[in-house]
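Please open the model in your viewer and keep the selection panel at hand. The stops below proceed from single residues to the contact between domains.

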Amino acid sequence: MVYPGAVHTRFEHSLGVYWLAGQSLQYLQTYQGAELDIDHFDVQTVKLAGLLHDIGHGPFSHMFEHKFLPRVITGSNWSHEQMSGKLVDYIVDQHHIDIDSECLKQVKDMIIASSNVSVANSMKEKRFLYDIVANGRNGIDVDKFDYIARDCRACGLGCNFQFRRLLQSMRIMDDEICYPTKEYLTVHKLFSTRADLHRTVYTHAKVMAIELMVVDALVKANDHLEISSYTTDPAEYWKLGDNILKIIETSPDPELKESRELILRIRRRDLYQFCNEYAVPKNKLDLFEDITAQDIVCSQKTSGVQLREEDVAVSNVKIDLTCGRNNPLDRISFFKDYESKEKFYISDDRISHLLPASYLDRIVRVYAKKPELVEAVSEAFENFQLRMYGIKAQVHETPEKKKRRR
C-alpha cells in the first residue's frame, strides 16, 4: 500500500530460502565434503526447513503475531515458528506423506532454531546445520539473505550487500559456520542493510499508520469472527489469510460495521494522521518502556478538545542489528585463510572507526485517528516529551498545515 512494487509473497520467499539452503550445502560439500560428512539426508532436511520455515505465519505475518494477538489474548506467547512445526505435522498426516520421522523432527527443530537456541545446542553432531536456515547463534542465515535482496529489489532500494560472497567463502570450524576476516564488512552490511529496510520500509510512517488501522479492524472483528481461536488448531489455522480484510469488508453483518469502516478508510487513503516522532535519547534506552495512548492523553494540558485514549495511536519502533544494544559481529567467528584451523572473534575497532558506536534505535511515533485531532495530539505529545526528558526530543514541530487539516 506504500511501495506498490512490493507485492511478492512468502511463498516466493520460501522458495528462495529453499534454494539458498541447498546452495549453501553444495558449497560446503565442494570445499569440506570429506571432513563434514554431509549426506543426502542432511541436504533434504535443511532444504525442507528452508521451504517450510515461514508456513506458520498468520495474516500480515509479524503484525498478526506481535500486534494483533497480544491485544485479544492476554499474555499471548504464540509464535509462528511453533505453529510452523504443528502445520508440518498436520500436512504430513492429512496428505499421508511418506517421510522419515527423524527427518521430520529435525526439520521442525531447524525451523525453531532461531527462537529456541537450546534445541540446536543440544545436537551432538553437525550442529552447524541448524544455523543455515534460522540462525539463533548469531543471526546470519539464508532467510535474511533472501528477504533482504528480494525486498530491496521489490521496493526499488539499492542493495550493496553481496550474500553470495558469504555463501561461497564460509567454512565450518568446530561445528560452527565461520567467515574469512576479509568479509567482516560484508557481514556488517548484512545487518546494516536489514536495519535500513526496517527504517525505510517495514516501519515507514505510512506503513505503520495502515498497520495500526488493520490491527484495530481485526481486533474489532475478533469477537464476531473468532479469528484468534484459529491459532489453537492447525486444521483451522491454515484457512486464515490476508483475504480476511476482504471477508470483513464484504460481509453484511452489523457486528462488523466498525471494522468495515476502518478498512474503507484505508481504501480511501483516509489514514490515521502521523503527528510527530522522536528517537529515545541514548542514555534512556536501557530503562525504556513502550509508550501508550494513555501516556499521551494524560499529558494534555490545554482546554478545548478533550482527548480520549481511543483518539490516539502510538507506534513504538525498535530498530537494531538483531542483538539489541550489542554488536552482532561480536558473536561471529572468523578465520585468517583457508589453510588456517583457528577461529577467533574480531572487535570492530580493529577494522574501522567509521562503524557505529550504538546498535539500537527506539523511535516513538504518535498518530491521531481523526485529522481534526492532529493539533491536540501533537501538543499533548510535546508535553509528554517535556515531562519525560525535560526537553522536546522531536526534531521539529508538527507542520501547521497538518494541524489545520480537517
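How far is the sulfur of cysteine 155 from the closest cysteine sulfur? Select cysteine 155 together with cysteine 152: the sulfur atoms are 7.7 Å apart, and cysteine 152 holds the closest cysteine sulfur, which is too far for a bond. A disulfide is taken here as a pair of cysteine sulfur atoms within 2.5 Å, and by this rule the count is zero disulfides.

A note on what is displayed: this is a predicted model, in which local features need pLDDT of at least 70 and side-chain atom pairs count only at pLDDT 80 or more, while totals for chains, interfaces and linings use all residues. Residues are numbered from 1 along each chain as its sequence is written, and side-chain values use heavy atoms, with hydrogens and water left out.

Remain on cysteine 155, which is buried at a relative accessible area of 12%. Next, select cysteine 103, also buried, with a value of 1%. Buried denotes under 20% relative accessible area, with a 1.4 Å probe and protein chains only.

Now colour domain 1 (10-203 + 322-355) and domain 2 (274-321 + 356-405) separately; these bounds come from an automatic or database domain assignment. Taken over C-alpha atoms, their centres are separated by 35 Å. Contact (heavy atoms within 4.5 Å) involves 18 residues of domain 1 and 14 residues of domain 2.

Finally, select arginine 199 and aspartate 361. Their side chains meet in a salt bridge, at 2.2 Å from N to O. The term requires a side-chain nitrogen of Lys or Arg within 4 Å of a carboxyl oxygen of Asp or Glu. Between domain 1 and domain 2, the count is three salt bridges.

Definitions and conventions: Buried means under 20% relative accessible area, exposed over 50%, partly exposed in between (1.4 Å probe, protein chains only).
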